[in-house]
Amino acid sequence: MRSQGSGFRRGCPPLPLGPGSVYIPLVNSPDTDATFTVTVNGRQHTVTTEAQRSLLDWLREDLGLTGPKYGCGEGQCGACTVLVDGRREHACLLPAAGAAGKSVTTIEGLGNGDQLHPVQEAFLAEGAMQCGFCTPGMILAAVALLNEKPQPTEAEVVAWMDAHICRCCGYPRILNAVRRAVAEAER
Ligand code: FES
Ligand code: FES
(Lines give C-alpha, C1' and ligand atoms only; values in the text may rest on other atoms or scores of the structure.)
(Ligands and ions follow the chains in the order given, each with its own letter.)
Protein backbone atom coordinates (compact mmCIF):
# COMPACT_ATOMS: atom_id res chain seq x y z
CA MET A 1 0.00 0.00 0.00
CA ARG A 2 1.29 3.49 -0.84
CA SER A 3 1.86 5.88 2.04
CA GLN A 4 -0.34 8.94 2.42
CA GLY A 5 0.93 12.36 1.37
CA SER A 6 2.71 13.64 -1.71
CA GLY A 7 6.44 13.31 -2.05
CA PHE A 8 6.46 16.46 -4.11
CA ARG A 9 4.99 18.53 -1.26
CA ARG A 10 6.53 16.84 1.75
CA GLY A 11 9.87 15.66 0.38
CA CYS A 12 10.86 12.00 0.01
CA PRO A 13 13.00 9.77 2.18
CA PRO A 14 16.23 8.69 0.47
CA LEU A 15 15.89 5.51 -1.59
CA PRO A 16 18.07 2.51 -0.61
CA LEU A 17 21.43 2.98 -2.30
CA GLY A 18 22.87 0.44 -4.70
CA PRO A 19 26.60 -0.41 -4.81
CA GLY A 20 28.64 2.66 -5.74
CA SER A 21 25.63 5.01 -5.52
CA VAL A 22 25.94 8.40 -3.90
CA TYR A 23 22.93 10.08 -2.33
CA ILE A 24 22.82 13.80 -3.08
CA PRO A 25 20.16 15.63 -1.06
CA LEU A 26 18.09 18.26 -2.88
CA VAL A 27 19.47 21.66 -1.92
CA ASN A 28 16.04 23.28 -2.04
CA SER A 29 14.09 20.43 -0.50
CA PRO A 30 11.19 21.79 1.57
CA ASP A 31 12.56 19.76 4.46
CA THR A 32 15.92 21.56 4.48
CA ASP A 33 16.15 23.83 7.50
CA ALA A 34 17.74 27.26 7.49
CA THR A 35 19.00 29.12 10.55
CA PHE A 36 19.20 32.89 10.44
CA THR A 37 18.47 36.06 12.38
CA VAL A 38 15.75 38.52 11.49
CA THR A 39 14.33 41.56 13.24
CA VAL A 40 10.56 41.78 13.47
CA ASN A 41 8.91 44.91 14.79
CA GLY A 42 12.17 45.93 16.47
CA ARG A 43 12.87 42.58 18.12
CA GLN A 44 15.62 40.28 16.90
CA HIS A 45 14.89 36.57 16.46
CA THR A 46 17.19 33.66 15.77
CA VAL A 47 15.15 31.26 13.69
CA THR A 48 15.49 27.70 12.50
CA THR A 49 12.76 26.75 10.07
CA GLU A 50 12.24 25.11 6.69
CA ALA A 51 14.20 27.00 4.07
CA GLN A 52 11.18 27.26 1.79
CA ARG A 53 8.64 28.18 4.45
CA SER A 54 6.99 31.48 3.67
CA LEU A 55 7.59 34.54 5.79
CA LEU A 56 3.81 34.80 6.12
CA ASP A 57 3.47 31.34 7.68
CA TRP A 58 6.34 31.98 10.05
CA LEU A 59 5.01 35.37 11.18
CA ARG A 60 1.47 34.08 11.70
CA GLU A 61 2.14 30.62 13.12
CA ASP A 62 5.32 31.08 15.15
CA LEU A 63 5.13 34.73 16.20
CA GLY A 64 1.34 35.00 16.37
CA LEU A 65 1.38 38.12 14.18
CA THR A 66 -1.90 37.71 12.34
CA GLY A 67 -2.04 41.21 10.86
CA PRO A 68 -0.60 39.99 7.57
CA LYS A 69 -3.31 37.86 5.93
CA TYR A 70 -3.34 34.90 3.58
CA GLY A 71 -5.46 35.94 0.62
CA CYS A 72 -4.33 34.40 -2.65
CA GLY A 73 -0.91 33.01 -1.78
CA GLU A 74 0.25 34.03 -5.26
CA GLY A 75 1.39 37.63 -4.94
CA GLN A 76 -1.84 38.92 -6.50
CA CYS A 77 -3.91 40.48 -3.70
CA GLY A 78 -1.54 42.25 -1.30
CA ALA A 79 -3.27 40.99 1.85
CA CYS A 80 0.01 39.55 3.14
CA THR A 81 2.02 42.75 2.66
CA VAL A 82 4.76 43.54 5.17
CA LEU A 83 7.67 45.96 5.08
CA VAL A 84 11.15 44.52 4.68
CA ASP A 85 13.75 47.21 5.29
CA GLY A 86 10.97 49.71 4.61
CA ARG A 87 9.92 48.28 1.24
CA ARG A 88 6.72 46.35 0.64
CA GLU A 89 7.00 42.62 0.15
CA HIS A 90 4.52 39.82 -0.37
CA ALA A 91 5.08 37.70 2.72
CA CYS A 92 3.24 34.82 1.02
CA LEU A 93 5.95 34.55 -1.63
CA LEU A 94 9.06 35.53 0.29
CA PRO A 95 10.67 32.64 2.18
CA ALA A 96 11.27 33.54 5.81
CA ALA A 97 14.97 32.88 5.15
CA GLY A 98 14.80 35.60 2.48
CA ALA A 99 14.41 38.14 5.28
CA ALA A 100 17.65 37.01 6.95
CA GLY A 101 19.53 39.95 8.39
CA LYS A 102 16.69 42.34 7.53
CA SER A 103 14.11 44.29 9.44
CA VAL A 104 10.47 43.25 9.00
CA THR A 105 7.55 45.44 10.02
CA THR A 106 4.01 44.13 10.28
CA ILE A 107 0.96 46.20 11.05
CA GLU A 108 1.38 45.24 14.72
CA GLY A 109 4.71 47.08 14.85
CA LEU A 110 3.86 50.12 12.75
CA GLY A 111 2.68 52.46 15.46
CA ASN A 112 4.61 53.59 18.48
CA GLY A 113 3.01 52.00 21.52
CA ASP A 114 -0.47 53.50 21.81
CA GLN A 115 0.35 56.08 19.15
CA LEU A 116 -0.90 55.17 15.69
CA HIS A 117 1.23 55.79 12.62
CA PRO A 118 -0.01 58.80 10.58
CA VAL A 119 -1.14 56.46 7.78
CA GLN A 120 -3.21 54.48 10.29
CA GLU A 121 -4.69 57.78 11.48
CA ALA A 122 -5.57 58.67 7.90
CA PHE A 123 -7.36 55.34 7.35
CA LEU A 124 -9.31 55.87 10.56
CA ALA A 125 -10.21 59.43 9.66
CA GLU A 126 -11.55 58.34 6.25
CA GLY A 127 -13.29 55.22 7.56
CA ALA A 128 -11.29 53.31 4.94
CA MET A 129 -12.15 49.80 6.05
CA GLN A 130 -15.14 47.47 6.10
CA CYS A 131 -14.28 43.88 6.99
CA GLY A 132 -10.65 44.94 7.48
CA PHE A 133 -9.10 41.92 5.78
CA CYS A 134 -7.14 44.00 3.29
CA THR A 135 -6.48 46.92 5.63
CA PRO A 136 -3.08 45.94 7.10
CA GLY A 137 -1.71 45.38 3.61
CA MET A 138 -3.24 48.61 2.30
CA ILE A 139 -1.78 50.64 5.17
CA LEU A 140 1.69 49.12 4.85
CA ALA A 141 1.58 49.65 1.08
CA ALA A 142 0.83 53.33 1.65
CA VAL A 143 3.70 53.56 4.15
CA ALA A 144 6.04 51.96 1.61
CA LEU A 145 4.84 54.42 -1.03
CA LEU A 146 5.66 57.37 1.22
CA ASN A 147 9.04 55.80 2.02
CA GLU A 148 9.89 55.58 -1.67
CA LYS A 149 8.11 58.69 -2.93
CA PRO A 150 7.39 61.23 -0.20
CA GLN A 151 5.38 63.37 -2.64
CA PRO A 152 3.66 60.99 -5.07
CA THR A 153 1.37 62.32 -7.77
CA GLU A 154 -2.27 61.23 -7.92
CA ALA A 155 -1.42 58.87 -10.79
CA GLU A 156 1.43 57.35 -8.80
CA VAL A 157 -0.84 56.81 -5.80
CA VAL A 158 -3.44 55.03 -7.91
CA ALA A 159 -0.86 52.92 -9.75
CA TRP A 160 0.84 51.93 -6.49
CA MET A 161 -2.33 50.96 -4.68
CA ASP A 162 -3.66 49.14 -7.73
CA ALA A 163 -1.57 46.13 -6.72
CA HIS A 164 -3.94 45.53 -3.78
CA ILE A 165 -7.42 44.04 -3.79
CA CYS A 166 -10.25 44.98 -1.45
CA ARG A 167 -13.01 42.42 -1.60
CA CYS A 168 -15.38 44.89 0.08
CA CYS A 169 -14.70 47.29 -2.79
CA GLY A 170 -13.71 50.09 -0.43
CA TYR A 171 -11.43 51.65 -3.03
CA PRO A 172 -12.73 55.25 -2.94
CA ARG A 173 -12.25 55.57 0.82
CA ILE A 174 -8.90 53.80 0.72
CA LEU A 175 -7.68 56.21 -1.94
CA ASN A 176 -8.96 59.13 0.12
CA ALA A 177 -7.02 57.81 3.10
CA VAL A 178 -3.81 57.52 1.10
CA ARG A 179 -4.35 61.03 -0.32
CA ARG A 180 -4.87 62.32 3.22
CA ALA A 181 -1.68 60.60 4.41
CA VAL A 182 0.24 62.13 1.48
CA ALA A 183 -1.14 65.58 2.28
CA GLU A 184 -0.24 65.19 5.96
CA ALA A 185 3.28 64.05 5.06
CA GLU A 186 3.74 67.13 2.87
CA ARG A 187 2.93 69.54 5.72
S1 FES B 1 -1.71 36.46 -0.01
FE2 FES B 1 0.14 37.33 -0.68
S3 FES B 1 -0.40 38.56 -2.36
FE4 FES B 1 -2.25 37.54 -1.83
S1 FES C 1 -12.21 46.09 3.78
FE2 FES C 1 -12.86 44.06 3.37
S3 FES C 1 -11.42 43.38 1.95
FE4 FES C 1 -10.99 45.46 2.09
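A: Let's start with helix H4 (residues 135-148), which lies across strands S3 (81-84) and S4 and runs at about 35 degrees to S3. Contact here means C-beta atoms, placed from the backbone, within 7 Å; axes are lines fitted to C-alpha atoms, for helices over the stretch in contact, with angles from 0 to 180 degrees between N-to-C directions. Helices (H or I, at least four residues) and strands (E, at least two) are DSSP runs, numbered from the N terminus.

The model is a predicted one, where local features need pLDDT of at least 70 and side-chain atom pairs count only at pLDDT 80 or more, while totals for chains, interfaces and linings use all residues. Residues are numbered from 1 along each chain as its sequence is written, and chains are lettered from A and ligands numbered from 1 in the order in which they are written.

Now the sheet itself: five strands form an open sheet in the order S2-S1-S5-S3-S4, with mixed pairing. S2 and S4 (87-90) are at the edges with a single partner strand each, so one side of each has no neighbour in the sheet. From one strand to the next, the twist averages 40 degrees.

Strands count as paired if DSSP finds at least two bridges between them. S1 (residues 33-40) pairs with S2 (residues 43-50) in the antiparallel sense over eight bridges. Along this pair, Val-38 is opposite His-45 and Thr-39 is opposite Gln-44. The two strands make a hairpin with two residues between them, and Asn-41 in the turn has a positive phi of about 50 degrees.

S1 also runs parallel to S5 (residues 103-105), joined by two bridges; there, Val-40 has Val-104 as its bridge partner.

Terms used
Contact = placed C-beta atoms within 7 Å.
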